[in-house]
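Here is a short briefing to read alongside the model. We begin with a term, then go from the whole chain to a single residue.

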Amino acid sequence: MTTYQDILYEVRPVGVARITINRPASYNAFRGQTVDELIDAFQRAGWDREIAVIVLTGAGDKAFCTGGDQGAHDGQYDGRGTIGLPIDELQSLIRDVPKPVIARVNGFAIGGGNVLATLCDLTIASDKAQFAQVGPKVGSVDPGFGTAYLARVVGEKKAREIWYLNKRYTAGEALQMGLVNAVVPHDELDAEVDRWCAELIERSPTAIALAKRSFNADTESIRGISSMGMQALSLYYDTDESREGGIAFREKRKPNFRKFGR
């Protein structure tokens, strides 16, 4: 791709690629095209020898990312891939690029956005950030890295709480459970991210790449879980139960899953 519609790609400062989901009107929710553009940008930065660090963030002050765009979700999503959204490819790519990836969380990290923040090597959050999973409230789930890897990060009991109850957590609570590395005042977020990037630029890129591969090896089986889970999720999205979640969200009412569920 030579141009992007849904994201921004910039190198700032030298050695740092910043990838920004640029859909603030939808709280930086992603559709099929957004994910394809993110994949292209991560491939571009991930194997550019001039890039030492990748920063992922969202445009504006309200949201990092709020997951899949419900306006592009009527059963399957509006793009390619197993569920009409190649999110599993993006998740794998964040792990596969041999560069550290920092999530700069400036606001809501909800649903699929929370998964992206979890998957990044490091997560730095504004004190205004909020974290949550909403899948069971809207007829969806992330049956791979979003569940199994989250349990590795915060512990299985906490991960089950996050997914089953869909509570919102403050940046401070996220720090306490190990979901983020640092929390700073909102107006200091960029300066803090820049400090972390400056330190990473000074490190051996090969040593960082080897360390990242080693960390990933321990959880690589989750990629297989994700692949199988996405196939099941595709079947689920074609059910009335799942569709009820999206319809209720768009109609701004509580869903009635029980009339369709087991």
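A residue counts as buried under 20% relative accessible area, as exposed over 50%, and as partly exposed in between, using a 1.4 Å probe and protein chains only. By that definition Arg95, at 2% relative accessibility, is buried.

This is a predicted model, in which local features need pLDDT of at least 70 and side-chain atom pairs count only at pLDDT 80 or more, while totals for chains, interfaces and linings use all residues. Residues are numbered from 1 along each chain as its sequence is written, and side-chain values use heavy atoms, leaving out hydrogens and water.

**The chain as a whole**
- Eleven helices and twelve strands make up the secondary structure of the chain; these are DSSP runs numbered from the N terminus, helices being H or I of at least four residues and strands E of at least two.
- Along the principal axes, the C-alpha atoms fill a box of roughly 55 × 35 × 35 Å.
- Of the 262 residues in the chain, 52% are buried.
- With contact meaning heavy atoms within 4.5 Å, 71% of the contacts between residues at least 6 apart in sequence join residues at least 24 apart.

**A look at Arg95**
- You will find Arg95 in helix α2, which covers residues 87-96.
- Leaving aside residues up to four places away in sequence, Arg95 touches Leu119, Phe145, Tyr149, Lys212, Arg213, Asn216, Thr219 and Glu220.
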